Amino acid sequence: MSKILVITGDLATGKSTFANIISEKFKVLLLTKDSVKEILGDNIGFNNREENLKLSNATMSLLFYVLEQSTKVNQRLILEANFKENDFKRLIEIVPYDQILVLNLMADYNILYDCFMNRINNENRHIVHQSAGLTDKFKFIAYLAKGRSIDLTKYKVVNISANDFSYQNDENIYKTIKEFFYE
């Protein structure tokens, strides 16, 4: 039976970093939306926001393709992205609810906005992540609020406070993941 760990939530919460830690700790294949999109962006390119969105859609299609293939051979898999409502609908078309654990990372809007702007201004972020149009604080908060409105009540969900990165050392979270994957 496949077990799928979904890591999702707010922008700038450290989802990709946490996903990599979990993948290494539990020796489970990881697909991150950002990494796949960067590969597509480097090889295909884009000229505007519309083309960048096409890269995002292609990236999610690839993630779901690998998910379908992994379920055919009963593999464990970690998927990391800021999943949208339609992504969750696609997910349950492939994997039953009881085979999915969702780690949902959230933090205070002001903290996230500051982290997001720091990424834009001070980090060497890949070009595919720089055209989101979310530098306006009100647009950023509205975007996060929309993501938080997704109904996750059908899933086994661990809501994680990401106001700081201490959650990355939380043994209770790792215990939950271990139980999900191996028991």
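What is the accessible surface of the protein, and what share of it belongs to carbon and sulfur atoms? The accessible surface comes to about 10000 Å², and carbon and sulfur atoms hold 49% of it (Shrake-Rupley method, 1.4 Å probe). The model is predicted, and local features need pLDDT of at least 70, side-chain atom pairs count only at pLDDT 80 or more, and totals for chains, interfaces and linings use all residues. Residues are numbered from 1 along each chain as its sequence is written, and side-chain values use heavy atoms, with hydrogens and water left out.

The protein contains seven helices and five strands, taken as DSSP runs (H or I, at least four residues, for helices; E, at least two, for strands) and numbered from the N terminus. Their order from the N terminus is β-α-β-α-α-β-α-β-α-α-β-α. The C-alpha trace spans about 45 × 35 × 30 Å along its principal axes. Of the 183 residues, 43% are buried (under 20% relative accessible area, 1.4 Å probe, protein chains only). Among contacts (heavy atoms within 4.5 Å) between residues at least 6 apart in sequence, 80% join residues at least 24 apart.

Helix α3 (residues 49-72) has 24 residues and reaches 35 Å from its first C-alpha to its last, close to the expected 34 Å (1.5 Å times one less than the number of residues). The buried residues of α3 include Asn52, Leu55, Met60, Phe64 and Ser70. The packing partners of the buried α3 residues are β1 (4-9), β2 (30-32), α2 (33-44), β3 (77-80) and α4 (85-94).

Conventions
Buried < 20%, exposed > 50% of the residue type's maximum accessible area, 1.4 Å probe, protein only.
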